[in-house]
Amino acid sequence: MKNTLKVERAKLNLTQQDLADKVFVSRQTINSIETERYIPSTVLALKISKVFAISVNEIFTLEEHEK
């Protein structure tokens, strides 16, 4: 699953720790999502999208082989 988390964080000038604090996870979890080593739960994806005030689909997209 691809994501634009790093780009969205940069737009709001948030560090990984800042975002982690807002969605109640560790900084390592945010790093793992950004590097595509971890796929967030639906609840976490929704919390992240709420921070950025955009839809989950604008942050997370399926790769062609996942469709």
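Residues are numbered from 1 along each chain as its sequence is written, and side-chain values use heavy atoms, with hydrogens and water left out. Because the model is predicted, local features need pLDDT of at least 70 and side-chain atom pairs count only at pLDDT 80 or more, while totals for chains, interfaces and linings use all residues.

**Overall build**

The protein has 5 helices and 2 strands, running β-α-α-α-α-α-β along the sequence. Here helices (H or I, at least four residues) and strands (E, at least two) are DSSP runs, numbered from the N terminus. The radius of gyration is 11 Å, which agrees with the value near 11 Å for a compact globule of 67 residues; that's taken over C-alpha atoms, with the rule being 2.2 Å times the number of residues to the power 0.38. The C-alpha atoms fill a box of roughly 30 × 20 × 20 Å along the principal axes.

As for contacts (heavy atoms within 4.5 Å), take those with a separation of 6 or more: 53% of them are between residues 24 or more positions apart. Of the 67 residues, 31% count as buried, where buried means under 20% relative accessible area, exposed over 50% and partly exposed in between, with a 1.4 Å probe and protein chains only.

**Around α3**

Helix α3 covers residues 27-34, and I30, S32, I33 and E34 are buried in it. What covers these buried residues includes β1 (2-3), α1 (5-11), α2 (16-23), α4 (42-52) and β2 (60-61). Just after α3, E36 takes a positive phi of about 60 degrees.

**Salt bridges**

A salt bridge here is a side-chain nitrogen of Lys or Arg within 4 Å of a carboxyl oxygen of Asp or Glu. The count comes to 3:

| Pair | N to O distance |
|---|---|
| K2 and E36 | 3.8 Å |
| K11 and E8 | 3.4 Å |
| R9 and E34 | 2.4 Å |

R9 in helix α1 and E34 in helix α3 are 25 residues apart, so this pair links distant parts of the chain. Both R9 and E34 are buried.

K2 is partly exposed at 40% relative accessible area, and E36 is partly exposed at 36%.

K11 and E8 stay within helix α1, 3 residues apart, or about one helical turn. K11 is exposed at 59%, whereas E8 is buried at 10%.
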